[in-house]
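Subject: A structure for you to look at

Hi,

Here is the structure I promised to pass on to you. Please open it beside this email, and then read on for what turned up in it.

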Amino acid sequence: MSLLVVGLSHRSAPVSVLERASLDPETRGKLLQDALAAEPAAEAAVLATCNRIELYADVDKFHAGVAELSTLLAQHSGVGLEELTPHLYVHYEDRAVHHLFSVACGLDSMVVGEGQILGQIKDALARGQELHTAGRLLNDLFQQALRVGKRAHSETGIDRAGQSLVTFGLEQLAAGEDVAAWARGKRALVIGAGSMSSLAAATLARSGVGEIVVANRTLERAERLVQILTEPGGTGVAARAVAMTSVTEELTRADVVVSCTGATGLVLTGVAVEAATAGRTAPLALLDLAMPRDIDAAAHRLAGVRLVDIESLAEAPADAPMAADVDQVRAIVADEVAAFGAAQRAAHITPTVVALRTMAADVVAGEMARLEGRLPGLDDKERAEITQTVRRVVDKLLHAPTVRVKQLASEPGGAGYADALRTLFDLDPETVASVSRADMNDPNRGRV
């Protein structure tokens, strides 16, 4: 089996296509289940963010896998396959590992070096585990990607600019002015209470806004976010929670609006924004971080309104980290890809080695049973000594070849050593497979 990723991102597709191809959580779950039901895939995981949709799978056939995963992405996104295909990229085996590790380090982000992607990778793995679509390979891959991303951020200055997509968006709204000076004293409306909206609220609070109103479909989640913002020792910002039905009313009082929900339709229509700005003299700043968009693009054309959304962020130049930091992260990624490949190749032969040692133990047990039949007068001490001696002989005979075969199997092209071992010792394929299944089904393996 081999790793395959098929996806599209802000680098391969216009935002208009990304917006139409975006997947809500329920659709992602259906995509995972359908991918697992497809013949070429044994495992599957979906990484979906505001600027990427990627389907990872463990497949046994490359061309069939690409065709099946591409078709599934088209079916679940609602974008026709012919339209979607030119924007898809495909990575296989080591290149797929390299791609995910680069994504985890922020090298492939709209804002290079941003760390939010690590939480999104963790969520993708957790969903695959919850739906039982992530097995040994994808558990190992995504866990390692999280470690690589954390290593890149701790050992380099890749996030030197300290930007998230939220910070970058607020900078675009401030239009060159210092964000803290621009935001100070403003009334802010945050629509949504997920991770991105929470980050936006915290960033606005640190920037010195006068008030934050949090609106969410589930009022309890909005209230929890408000509690975090106003807890003792926090930012000291004034904050309150409202229901989504109050958004239109709150919009008339807001100076800054940040929206990031999972809604499939518009949260703020052009008509609603126009009505809220009628008769006001103060400008209204809108930041839409949702995919698909929450705020009608028609708001761009309204006087006194400045709208920044994913499309405009994709076109805006972001502060780049130092080239030396990027080079250092790339070196980390290259080292980690090599280490991951070696570990996977070594792990591939482990079930065969376990099966070989199990067979050897069965041979020892059989011979001892035969010996007891021929020498019934052996006492317990003599029987234990003979058994121990035979086991030592077998262990010594197997030690060097099993250690060496693990070393050889970890090298590129070493996959054939497992086949050779099975052939030389006439191992039962079902015994080897059962060891692999036991490892894959370990409930404690790779939990996040």
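This is a predicted model: local features need pLDDT of at least 70, side-chain atom pairs count only at pLDDT 80 or more; totals for chains, interfaces and linings use all residues.

Let's start with Cys 50. In an unreviewed entry, UniProt lists Cys 50 under "active site". You will find Cys 50 in the loop between β2 and β3 (52-59). Is Cys 50 buried or exposed? Its relative accessibility is 12%, so Cys 50 counts as buried. Leaving aside residues up to four places away in sequence, Cys 50 touches Leu 165, Met 196, Leu 289, Met 291 and Ile 310.

About 120 Å³ of space lies in the largest cavity. Its lining has 13 residues, and Cys 50, Asn 51, Glu 114, Gln 120 and Leu 165 are the closest to its centre. By class, that lining has six nonpolar, five polar and two charged residues. Helix α6 supplies the largest share, three residues.

The second largest cavity holds about 50 Å³ of space. Among the residues lining it are Arg 187, Glu 211, Arg 240, Glu 250 and Arg 253. The lining of this second largest cavity has five charged, four nonpolar and no polar residues. Strand β5 (187-191) gives the largest share here, three residues.

Now for the largest pocket, which contains about 1400 Å³ of space. It is lined by 43 residues, with Pro 25, Arg 28, Ser 195, Thr 261 and Gly 262 nearest its centre. Elements that give two or more residues to this lining include α2 (25-37), α6 (116-130) and α10 (195-207). Which element gives the most to the lining of the largest pocket? That is α6, with eight residues. Sorted by class, the pocket lining has 22 nonpolar, 14 polar and seven charged residues.

Finally, step back to the whole chain. It has 18 helices and 10 strands. With a radius of gyration of 28 Å, well over the 22 Å that the globule rule gives for 448 residues, the chain is more spread out than a compact globule. Its C-alpha atoms fill a box of roughly 105 × 55 × 45 Å along the principal axes. Of the 448 residues, 47% count as buried. Among contacts between residues at least 6 apart in sequence, 73% join residues at least 24 apart.

Happy exploring!

Best wishes

Definitions and conventions: Residues are numbered from 1 along each chain as its sequence is written. Side-chain values use heavy atoms; hydrogens and water are left out. On a 1 Å grid over the protein atoms alone, a cavity is a set of points where a 1.4 Å probe fits but cannot get out, and a pocket is an open set with protein on both sides within 12 Å along at least five of seven lines; lining residues have an atom within 4 Å of a point. Grid points are joined across faces, edges and corners, and a volume is the space filled by probe spheres set on the points. Helices (H or I, at least four residues) and strands (E, at least two) are DSSP runs, numbered from the N terminus. Ala, Val, Leu, Ile, Met, Phe, Trp, Tyr, Cys and Pro count as nonpolar, Asp, Glu, Lys and Arg as charged, and the others, Gly among them, as polar. UniProt positions are given in the numbering used here, feature names are shortened, and annotations may be inferred rather than shown by experiment. Buried means under 20% relative accessible area, exposed over 50%, partly exposed in between (1.4 Å probe, protein chains only). Contact means heavy atoms within 4.5 Å. The radius of gyration is taken over C-alpha atoms; the globule rule is 2.2 Å times the number of residues to the power 0.38.
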